[in-house]
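Subject: Structure for you to look at

Hello,

Here is the structure I promised you. Please open it and keep it beside this email while you read.

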Amino acid sequence: MTEEAGMISVTQDDFDVNEVIGRVRRPDMGALVTFLGVVRGDGGIDVMELEAYEEVAVRELEAIRDEAFANYPITAVEIIHRTGRLRVGENILLIVVGAGHRKEAFDACEYILERIKRSVPIWKKEIGEDGERWVPGESHGGDA
Amino acid sequence: MQVRVRAFARLREAIGGDLMLEVPPGATMSMLLAAVGETSEQAEEALFEESGELRGYVILMHNGKRVRRAEAMTLTLADGDEVALFPPVAGG
């Protein structure tokens, strides 16, 4: 079995997508699927503030990565989630999945994204000309 | 004994940040939640319905693990524990 690699980070720092892909790619991969989430400028939003329960968020991301490896024949996962004050257009989330073939890479990437939205303790506040608003969570996640 | 309370997003704003609370030995999660509510009117309103029931959106964690609402009455805390309170997550 091919060795699996998966880095996780929750950080204020920005990232360089190509640099991350360069770090992940290996000759046995035929596909690298990348999801990049950015701050959307709708409804007069200027800035978004992201807050995380950092220790738990990192642990949950690690669990999601491990589930992706268990459920899909993929060989690499990297997840970077930013926190702090981000302007419209700035990077929020990067998921890179490397696999032998495209299908499993796409499927695993979507699985990871949906799991992140459901259970990683991170919150977003939109700040714009009309004031501020916490983005409503989609789910209680877990066992509520 | 002392318990650390961490709150996030709108609950952090209502409670005013992390707290160190002194609670009696053997205190349960429910007793701690009541103590958090007593720290301010905003905290009380953010956590509890008028009936005194914990609001539906409040998620509980004990030392980094999810706690079911039904367990709050019976879960006893220990000195140095960390309890986290937050609304539904919205990352990604």
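Below is what was found, chain by chain.

First, the ground rules. This is a predicted model, in which local features need pLDDT of at least 70, side-chain atom pairs count only at pLDDT 80 or more, and totals for chains, interfaces and linings use all residues. Residues are numbered from 1 along each chain as its sequence is written, while chains are lettered from A and ligands numbered from 1 in the order in which they are written.

**Chain A**

Chain A has three helices and eight strands. Both are DSSP runs numbered from the N terminus: helices are H or I with at least four residues, strands are E with at least two. Along the sequence, the pattern is β-α-β-β-α-β-β-β-α-β-β. The radius of gyration of chain A is 16 Å, close to the 15 Å from the globule rule for 144 residues, so chain A is as compact as a globular protein of that length. That radius is taken over C-alpha atoms, and the rule is 2.2 Å times the number of residues to the power 0.38. Of the 144 residues in chain A, 33% are buried. Buried means that 20 or more other C-beta atoms lie within 10 Å of the residue's own; exposed means 12 or fewer, and partly exposed is in between, with C-beta atoms placed from the backbone.

**Where the chains meet**

In chain A, 27 residues are in contact with 17 residues of chain B. Contact means that the C-beta atoms, placed from the backbone, lie within 7 Å. On the chain A side, helix H2 (54-71), helix H3 (102-119) and strand S7 (122-128) each give two or more residues. H3(A) gives the most, with four residues.

**The sheet of chain B**

Five strands of chain B form an open sheet, in the order S2-S1-S5-S3-S4, with mixed pairing. Two strands pair if DSSP finds at least two bridges between them. Which strands stand at the edges? They are S2 (19-22) and S4 (65-67) of chain B; each has a single partner strand, so one side of each is left without a neighbour in the sheet.

S5(B) pairs in both senses. With S1(B), the pairing is parallel over four bridges. One bridge partner there is Glu82(B), which faces Arg4(B). S3 (residues 59-62) and S5 (residues 82-86) of chain B run antiparallel, joined by four bridges. Here Ile59(B) has Phe86(B) as its bridge partner. Is S5(B) enclosed or open? Four of its five residues are buried, so S5(B) is largely enclosed by the rest of the structure.

**A helix in chain B**

The buried residues of H2(B) are Met29(B), Leu32(B), Leu33(B) and Val36(B). Seen down the axis of H2(B), they fall within an arc of 100 degrees, so they line one face of the helix. The arc is that of the directions from the helix axis to the C-beta atoms. An α-helix has 3.6 residues a turn, so residues three or four places apart point the same way.

**Two residues to check**

- Ala9(B) has a positive phi near 55 degrees, though not a glycine. Ala9(B) sits in helix H1 (residues 9-15) of chain B and is buried, with 24 other C-beta atoms within 10 Å.
- Asn63(B) is not a glycine either, yet its phi is positive, about 50 degrees. Asn63(B) lies in the loop between S3 and S4 of chain B and is partly exposed, with 14 other C-beta atoms within 10 Å.

Best wishes

Methods:
Two residues are in contact if their C-beta atoms, placed from the backbone, lie within 7 Å.
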